Amino acid sequence: MEMLVCIKQVPDDSVEISLDPGTKEPALIGVTPVVNAFDTYALEMAARLKETYGGEITVVSVGNDEVKNSLKNCLAVGADHAYLVKHEKSESLDPCGIANILKNAVHNIEEELETKFDLILCGKESTDYASSQVGLLLASKLRLPVATNIIKVEPTDGIMKIKQETEEGYRSIEAITPCVVTVQKPDYDPRYPTIKSKMAARKKEIKELSPSEEGNSVLEVIRVFEPAKRAAGIKLKADSEQEVVAQAMSVMTAAKVF
């Protein structure tokens, strides 16, 4: 099975990021860039499919040379090929612009590798802007079926049996191949690279692609601002549970909650 995983390099989401008071932009100096968390789940899912059914994994990303570090990490945990679509201003692109670039990248990579991808995996969203749109837009531009919030995929005779997480629980669906899926957090964690796999990844080539002219943004970010600080709570003290409930009801009534 031939698989393509689309990844994005983002600031480490384990670090609390604030806005620079001067520029009003996210203060990212000193914050380590990493592979988007949901993309690591997508890559791990692909790696497990490869171990079970065979085939190869290709990873692709849009960005500048700094993204090569993230692509090297992907090669160290199971990817066979890596491509970087060079774009010095990728952060200024909206999801539609990124999807256009990825669409052309898919065609170019398939032509170079002389293969067709059976499955294209994306994280369900990025941890920086969390638009949840790139995977859906990419599927639309490729004219492929798409399934979102996936936690399990099983190929069977040209059909992908898919387990999808919903707000109510889980849903079992099927999609013909090739198809696109956006991956939610499954019930396992991504693997870590070993020293041996890191050394092997350093020797692998990251091929570069030029972005298409269709990679233009149709949206402009006017302003970035932090969410409002949560107001301090109210502490209630009473001698009994009944008195606490009565006080809580009184407070909520005064605040016109009811």
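Predicted model: local features only at pLDDT ≥ 70, side-chain atom pairs only at ≥ 80, totals over all residues.
Strands here are DSSP runs of E with at least two residues, helices are runs of H or I with at least four, and both are numbered from the N terminus. Residues are numbered from 1 along each chain as its sequence is written, and side-chain values use heavy atoms, with hydrogens and water left out.

Strand β1, residues 2-6, runs parallel to β4, residues 56-63, and five bridges join them; two strands count as paired if DSSP finds at least two bridges between them. The whole open sheet has nine strands with mixed pairing, in the order β9-β8-β7-β10-β6-β1-β4-β5-β11. At its edges are β9 (170-176) and β11 (206-209), each of which pairs on one side only.

What lies across β1, β4, β6, β7 and β10? That is helix α1, residues 37-53, which runs at about 150° to β6, where angles go from 0 to 180 degrees between N-to-C directions and axes are lines fitted to C-alpha atoms, for helices over the stretch in contact.

Finally, L121 touches several residues, including M3, V5, A42 and V181, if we leave out residues up to four places away in sequence; contact means heavy atoms within 4.5 Å.
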